[in-house]
Amino acid sequence: MIRAFSISQTPCEGFRLFRALRRNSFLPANPLSSSFALKCCIKSGDLLGGLQIHGKIFSDGFLSDSLLMTTLMDLYSTCENSTDACKVFDEIPQRDTVSWNVLISCYLRNKRTRDVLVLFDKMKNDVDGCVKPDNVTCLLALQACANLGALDFGKQVHNFIDDNGLSGALNLSNTLVSMYSRCGSMDKAYEVFNRMRERNVISWTAMISGLAMNGFGKEAIEAFNEMLKFGISPEEQTLTGLLSACSHSGLVDEGMMFFDRMRSGEFKIKPNLHHYGCIVDLLGRARLLDKAYSLIESMEMKPDSTIWRTLLGACRVHGNVELGERVISHLIELKAEEAGDYVLLLNTYSSVGKWEKVTELRSLMKDKRIQTKPGCSAIELQGTVHEFIVDDVSHPRKEEIYKMLAEINQQLKIAGYVAEITSELHNLDSEEEKGYALRYHSEKLAIAFGILVTPPGTTIRVTKNLRTCVDCHNFAKFVSDVYDRVVIVRDRSRFHHFKGGSCSCNDFW
DNA sequence: ATAGGGTTAG
């Protein structure tokens, strides 16, 4: 009877019904109805209702019902309470693969990405007895690897998939393509993609977005055209990937052409905010700032903060102060301005030498108590992730690292590297001091560590939480040439492949 | 009958 209601009632109504029935004792205690009510709470994000049901489950004596406990974990997981989800997990009498998977998905959802990898290892080594990772576990683990940029671990999961007869599933292959792309390994992404027996629009989208993210615009366009040849229609995300590929690689004409084809209705998809964002970025990079501005004004939907932020980034690159100020006023109007926005405007002022404006804005930021986020870079070595923050002195091998960095700086100087002072945001007085502070940006520390501990010729892979600055970008270019290393840096939003003194991206001219 | 599927402009 209750199940019939689940079809016609909205989640909230379903829960109210459950409560009413319980209050009037029409409903005998039964784990199935509790499970249904829990699901209602999960759907509607009703933590309080869920807690009440947890209490009922306790008083009804159903705490030993493993299935019910698993649903309960999912409640805490959706309500961003991984601690309580974990507590419930510990109390489940018979944990099966699904209970493990729910916990893993909880950790993934709640940004406890490292714990996902720990749990995957535990399952693989059968710590709990009779529990083995299945296709869902692998899928979740791969997503965690993609988020972390943990390529080595991702490869291990890939091996596990192959060794345990799980390969061949379309969703796993799609996730593998995405994971390898998001770890900056396009060779491996291609390999998986090429071996796939069947490919759906998701596979193509994963490949196109991966190429876009890694700065391979031409290849992304080729993949898109090939997809059309196979008779597969693009989705919104496919076109987002395609347009972002064009903007990242400076393919202005191609990007505009695809955008026009889109607007003409060829793909039966109307441009959304993401598509507009790509085109604003494309025009902005090409110095067509006014065109970008009027495109934003012409949009049929309200521009969000990201759209404005994209234009602000272009103002910074081209030193357009007037437009930059206009853009930040839009962000303030939206009440969406962030520390990074002020930093961009600050950079715009300093790039054109408007020092009095710089001082003014700095004191404004101080008044508004705007805190900038510290940069953090990570490098994965033999499965261990080493993290560095600006001026980091916490690493056990810090002395060697700083010595290495000093040596690298000396070598680069000989090759013609000059520190880019406008990148430095701290309030430093002399130019000399500025150059000094720049030396300890987190990605430089991570790169120095990579050179220190890996044999010559090894690819250095670094992941960073913010966008890389002009100076570190330059630094990496020189390192790739002078030390003959491929350096792959994952930014907040994309990859930079440095090789022989140049970068695959189109970010800095 | 408890997990997830590719999260997408910067």
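**View 1**
Leu-48 lies in helix α4. The structure shown in this and the following views is a predicted model. With a relative accessible area of 65%, Leu-48 is exposed. Leu-48 also belongs to a nonpolar surface patch, which it forms with Leu-47 and Leu-51. Together these three leucines present about 270 Å² of accessible area.

Helix α4 covers residues 47-60, a run of 14 residues. From its first C-alpha to its last, α4 reaches 20 Å, close to the 20 Å expected at 1.5 Å a residue. Its buried residues are Gly-49, Gly-50, Ile-53 and Ile-57. They cover an arc of only 95° around the axis, so they sit on the same side of α4. The face turned away from this buried side carries Leu-48, Phe-58 and Ser-59, which are exposed. Just after α4 comes Gly-61, with a positive phi of about 75°.

**View 1. The salt bridge between Glu-325 and Lys-357.**
The side chains of Glu-325 and Lys-357 meet in a salt bridge, at 3.5 Å from N to O. The pair links distant parts of the chain, 32 residues apart: Glu-325 is in helix α20 (residues 321-333), and Lys-357 is in helix α22 (residues 355-367). Glu-325 is partly exposed, with a relative accessible area of 27%. Lys-357 counts as partly exposed at 27% relative accessibility.

**View 2. The salt bridge between Glu-337 and Lys-368.**
In this view, Glu-337 forms a salt bridge with Lys-368, and the closest N and O atoms are 3.3 Å apart. Here too the pair links distant parts of the chain, 31 residues apart. Glu-337 belongs to the loop between α20 and α21 (339-351), while Lys-368 belongs to the loop between α22 and β1 (376-381). The relative accessible area of Glu-337 is 24%, which makes the residue partly exposed. Lys-368 is partly exposed as well, with a relative accessible area of 39%.

Lys-335 lies in the loop between α20 and α21. Its phi is near 55°, a positive value in a residue other than glycine. Lys-335 counts as exposed, at 74% relative accessibility. Arg-369 is placed in the loop between α22 and β1. Although Arg-369 is not a glycine, its phi is positive, at about 55°. At 73% relative accessibility, Arg-369 counts as exposed.

**View 3. The salt bridge between Glu-443 and Lys-464.**
Glu-443 and Lys-464 form a salt bridge in which the closest N and O atoms are 3.0 Å apart. The two residues link distant parts of the chain, 21 residues apart: Glu-443 lies in helix α25 (residues 442-453) and Lys-464 in strand β3 (residues 460-464). Glu-443 counts as buried, at 2% relative accessibility. Lys-464 counts as buried at 10%, because the cut-off for a buried residue is under 20% relative accessible area.

**View 4. The six-stranded sheet and the pairing of β3 with β4.**
Strands of a sheet pair through backbone hydrogen bonds, either parallel or antiparallel. The sheet in this view is open and has six strands in the order β2-β1-β3-β4-β5-β6, with mixed pairing. Its edge strands are β2 (384-389) and β6 (502-503), each of which pairs on one side only. Strand β3 runs parallel to strand β4 (residues 487-490), and four bridges join the two. Arg-461 has Ile-488 in β4 as its bridge partner.

**View 5. A salt-bridge network at Lys-188, Glu-191 and Arg-195.**
Salt bridges link Lys-188, Glu-191 and Arg-195 in a network. The count for the model comes to 17 salt bridges, where a salt bridge is a side-chain nitrogen of Lys or Arg within 4 Å of a carboxyl oxygen of Asp or Glu.

Terms used:
Residues numbered from 1 in each chain as written. Chains lettered and ligands numbered in written order. Predicted model: local features only at pLDDT ≥ 70, side-chain atom pairs only at ≥ 80, totals over all residues. Heavy atoms only, no water. Expected span 1.5 Å × (residues − 1). Buried < 20%, exposed > 50% of the residue type's maximum accessible area, 1.4 Å probe, protein only. Arc of directions from axis to C-beta. Patch = residues over 30% accessible without salt bridge, like charges linked within 9 Å, V, L, I, M, F, W, Y side chains within 5 Å. Areas by Shrake-Rupley, 256 points an atom, 1.4 Å probe, with all protein chains shown as cover. Pairing = 2+ DSSP bridges.
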